[in-house]
Amino acid sequence: MTAPLDATESAQHAEPEAITQGVRDIASRSLTQIAWQRLRRDKVALGGGVVVVLLILVAIFAPLLTHWFGYPPNEFHQDLINPSTQGVLGDDPNDPFSTDKMGGISWEHLLGLEPVNGRDLFSRIVYGAQISLLIAFLSTILCVIIGTVLGITAGYFGGVVDTVISRTMDIFLAFPLLLFAIALAGVIPDGAFGLTDNGLRVSVLIFIIGFFSWPYIGRIVRGQTLTLKEREFVEAARSLGAGTGHILFREILPNLVAPILVYATLLIPTNILFEAALSFLGVGINPPTPTWGGMLSNSLDYYTQAPHFVIIPGLAIFVTVLAFNLFGDGLRDAFDPRSSD
Amino acid sequence: MTNPGTGSRTAGSGGPVVSVRDLSITFPAMDGDVNAVNGLSFDVPQGGALGIVGESGSGKSVTSLALMGLHRGSKARITGGLTVAGTDVVAAPDSAIRAMRGNDIAMVFQDPMSSLHPQYTIGNQLIEAYRTHHPKAGKAEAKARAVDALDRVGIPEPARRVNSYPHEFSGGMRQRVLIAMGLVCEPKVLLADEPTTALDVTVQAQILDLLDDLRHDLGMSLILVSHDLAVVAGSVDEVLVMRKGVAVERGDVRRVLSAPEHPYTRALLAAVPRIEVSRAQRRAEMRADRAAVPAAGSEPEGAAPVAEAPVTKASGDSGELLLSVKNVRQKFKVRGGAFGRSTDFYAVDDVSFDLYQGETLGIVGESGSGKSTLSRMVMRLLRPSEGTIVFEGRDITHLPERQLRPLRRDVQMIFQNPYSSLNPRMTIGESIGTALRVQGERDAKKIRGEVQGLLERVGLEPSHYNRFPHAFSGGQRQRIAIARALILKPKLVICDEPVSALDVSTQDQVLRLLSELQDDFDLTLIFVAHDLAVVRQVSDRVVVMRKGQIVEMGDGDEVYENPQHPYTRQLLAAAPVLDPDEAKSHRAERQRMRRQSSTV
């Protein structure tokens with residue numbers, strides 16, 4: 001028995017109005033908008049983001065802030081320092097060794113004073129943020145540019161190009177970066193490249209950090225490109241007659257923006273730490289320009305008399321790095337295709 | 001609920017082994033609860049077989065997971081009665097559920113490639129499955145059981161193969177191993193969730209035959225979950241059709257398939273491509289349908305000529321030669337062996353065919369047959385290693401990318417996966433318009449106008465221009481992909497499995513659209529697919545490929561009704577059919593062929 005299937009009946013079933021049904025309300029929102037929406041629900045990441053924005057504002061408006069709430073960062077206040085202990089002068093005028101355990105934290109000096117010279121810590125932290133963020137941002141931008149260009153090239157063209165670039169990345173990652181940075185900072189004379197003093201120091205730091213961290217971005221971009229170029233929309237673009245430029249910049253690159261953004265955000269705190277480490281080792285910015293790492297380095301000699309001098313720059317680095325990491329993690333979750341619908 | 005018809009039941013049909021009463025499953029979601037299953041009831045008697053059929057999102061997989069008690073620990077809320085071999089799956093403690101799984105009810109999953117642990121031998125995994133439920137059993141006993149189970153599912157040399165790792169088996173063999181794993185504790189019910197969806201048609205037939213044999217030999221009950229009515233037809237007594245979490249129809253398989261009561265079942269059945277319906281029949285039917293629609297409106301007279309006229313044109317050989325492929329081969333280097341030496345592998349090996357203006361050439365083959373590689377060579381996304389491809393009298397075999405650009409206007413491709421063939425970061429308007437832009441059109445307004453016109457033509461709305469692909473369903477995306485292929489007004493369109501990722505009813509709509517567009521745009525098509533029935537309905541001529549070579553080529557009806565090559569015959573016997581009786585005769589035919597090949 002064959003099923004008596006009525007051929008003419010099949011005409012009615014197609015439900016033509018159903019074709020366009022269910023194009024969802026979210027329809028005209030792009031993936032970025034959806035990610036943003038998801039990010040807004042992530043309170044922890046949002047908190048990190050707010051802190052990041054505040055830090056950037058602090059760095060930008062450092063002169064204004066110090067004008068209102070502090071003193072110039074390099075102004076000495078030795079009248080407030082106990083000459084025998086080098087700590088901040090305490091309350092007891094009869095005790096020659098009296099020091100203020102709070103480090104002179106008051107309405108006058110919001111974060112207290114530095115030992116020895118008595119410089120205002122609040123202004124130094126605020127100006128330190130400028131240097132830290134400047135170096136971290138610019139070096140990260142350098143990483144992203146080198147990493148994206150080389151990563152996308154390696155991933156898309158493959159073959160010998162890929163082998164050469166990938167091996168170069170391995171070499172860069174294997175480089176003893178810290179030693180190299182210390183050596184380079186000692187070798188480059190003042191006035192090289194037409195830059196002097198801190199201009200030169202900042203540029204050298206940006207260059208070193210950027211030039212040696214790009215493989216982190218490069219590897220991610222290469223991996224993403226490898227999978228993206230196998231996707232059918234790339235083949236479709238080729239079969240429409242699109243050239244390599246169109247495919248790289250119009251088809252593939254927009255799909256790389258999310259991962260690049262995420263990893264750049266996670267690279268910034270690494271670079272902040274790296275800058276702090278270099279300043280700590282004394283190969284960073286020249287004194288008296290304030291940097292967080294440099295302050296930490298100075299503070300270690302006085303940690304008994306002035307514990308706040310250790311804690312405050314340490315806390316500044318800690319909060320900044322944590323905020324960037326939380327924000328970056330949130331960003332990654334928001335962009336993650338696995339959690340998408 | 002006890003089934004008439006199939007008599008060969010070994011066990012006495014006592015009470016039902018599986019009983020589901022008014023089952024509802026709800027998932028909490030961001031914007032309100034989702035009712036995955038709503039008021040579902042069914043029974044499966046001992047030794048009986050139930051097929052659960054539905055399209056994606058119908059709730060069939062959720063139901064089968066709930067039967068295994070796998071909803072536990074998830075956020076799903078479950079109400080109603082769910083009893084498997086006397087265990088109340090909704091209320092019983094976790095320990096009772098663990099004892100039930102594997103022992104009373106075993107599950108075979110869809111993807112045999114990811115369901116086995118790659119780091120353990122299959123013997124290890126089988127033994128573990130047995131010893132979990134029989135903790136007192138010794139190693140030797142468990143191993144004997146494992147070998148037994150492998151033998152029963154038809155793994156050759158089970159005593160030796162028990163020590164092999166999963167990667168040493170093919171997909172079909174892995175699915176057998178998974179079934180063996182299900183069988184090792186001799187469960188009362190075997191639950192197979194899309195067990196053959198990831199497999200080729202010949203392997204699918206073998207697995208379905210195996211399940212059928214096991215059910216009869218061991219007196220097990222079988223629950224077969226599938227999106228494909230034809231897969232279920234030959235293997236079950238009773239069928240349950242689900243849609244959006246609700247059972248729309250339930251009954252004896254013959255009755256449901258021959259006299260469906262619910263309109264949805266009727267629609268579903270009508271949408272299933274039938275291998276016994278020829279190209280001409282199908283085309284005439286589609287054109288008649290199409291003519292009937294405008295007839296209600298403006299042009300009452302137009303119906304007959306539309307249905308008649310193009311039929312004559314369709315008979316391929318009258319058109320002029322459009323494409324000629326001669327002795328092409330595509331070589332890939334396969335890395336491996338000692339010292340990283342690579343060996344050559346021919347994905348397409350010496351293939352030739354001609355294609356005439358206006359005809360449709362179907363290319364059928366299983367995975368690895370080289371059909372996709374061949375279509376990419378014709379598209380010149382790949383450069384053939386040997387041979388020539390001549391399009392409109394021009395040799396395009398070795399044209400560099402830059403010179404191919406004008407050719408791209410004439411030859412276009414529709415890809416298999418509508419989810420990956422559209423750039424997620426571009427609006428669909430941009431995606432479709434890209435073609436015009438790269439071909440030199442600069443007038444943004446004109447591009448927009450053309451794209452919107454075409455969107456309308458493929459059944460979408462012009463206002464969708466600024467939406468992103470993720471807002472569309474699979475079928476809608478495939479329409480967008482079709483629009484993109486047609487925007488340049490090509491002469492030849494290569495369709496690489498254009499409907500294999502879609503549900504049956506969507507598949508039917510897309511096929512109809514393609515057929516309409518072929519008439520309207522005067523297209524020549526190459527239609528590549530693994531589904532024999534789909535290919536028959538769209539193709540004037542058919543090419544059957546196997547391992548990179550053409551085994552048979554000819555007029556569509558000729559190949560299907562009078563296959564010459566044994567491989568074609570094997571494929572045709574393996575194709576699932578809707579009629580349960582015919583499915584049984586196909587099964588007998590397959591057994592005969594298997595016996596034949598084993599004696600040779």
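**Reading the two chains**

Author: Read along the sequence, chain A follows the pattern α-α-α-α-α-α-α-α-α-α-α, which comes to eleven helices and zero strands. Helices (H or I, at least four residues) and strands (E, at least two) are DSSP runs, numbered from the N terminus. This is a predicted model, in which local features need pLDDT of at least 70 and side-chain atom pairs count only at pLDDT 80 or more, whereas totals for chains, interfaces and linings use all residues. Residues are numbered from 1 along each chain as its sequence is written, while chains are lettered from A and ligands numbered from 1 in the order in which they are written.

Reader: Which residues of chain A does the UniProt annotation "transmembrane region" cover?

Author: According to the unreviewed UniProt entry, that annotation covers residues 44-65, 131-157, 169-188, 200-221, 260-285 and 305-328 of chain A. UniProt positions are given in the numbering used here, feature names are shortened, and annotations may be inferred rather than shown by experiment. In the model, residues 44-65 of chain A are 95% helix and 0% strand, with end C-alpha atoms 27 Å apart, and residues 169-188 of chain A are 85% helix and 0% strand, with end C-alpha atoms 25 Å apart.

Reader: How should I read a sheet, and what is the order of the four strands in the open sheet of chain B?

Author: Strands of a sheet pair through backbone hydrogen bonds, either parallel or antiparallel. Here two strands count as paired if DSSP finds at least two bridges between them. The open sheet in chain B has the order β2-β1-β4-β5, with antiparallel pairing. Its edge strands are β2 (32-45) and β5 (87-88) of chain B, each of which pairs on one side only. Strands β1 (residues 16-29) and β4 (residues 77-84) of chain B are joined antiparallel over seven bridges, and B:Arg21 has B:Gly81 in β4(B) as its bridge partner.

Reader: How many residues lie between β9(B) and β10(B) in their hairpin?

Author: There are two residues between them, and B:Lys244 in the turn has a positive phi of about 50°. Strand β9 (residues 238-243) and strand β10 (residues 246-252) of chain B run antiparallel and are joined by six bridges, with B:Val239 opposite B:Gly251 in β10(B).

Reader: How is chain B divided into domains, and which elements give two or more residues to the side of domain 1 that touches domain 2?

Author: Domain bounds come from an automatic or database domain assignment. For chain B this gives domain 1 (20-270) and domain 2 (292-410 + 488-564), whose C-alpha centres lie 37 Å apart. Two residues are in contact if their C-beta atoms, placed from the backbone, lie within 7 Å, and eight residues of domain 1 of chain B are in contact with seven residues of domain 2 of chain B. On the domain 1 side, the elements giving two or more residues are α7 (201-218) and α10 (263-271) of chain B.

Reader: Is helix α1 of chain B mostly covered or uncovered?

Author: A residue is buried if 20 or more other C-beta atoms lie within 10 Å of its own, exposed if 12 or fewer, and partly exposed in between, with C-beta atoms placed from the backbone. Helix α1 (residues 60-67) of chain B is mostly covered, with six of its eight residues buried, among them B:Val62 and B:Leu67. After α1(B) comes B:Gly69, whose phi is positive, near 75°.
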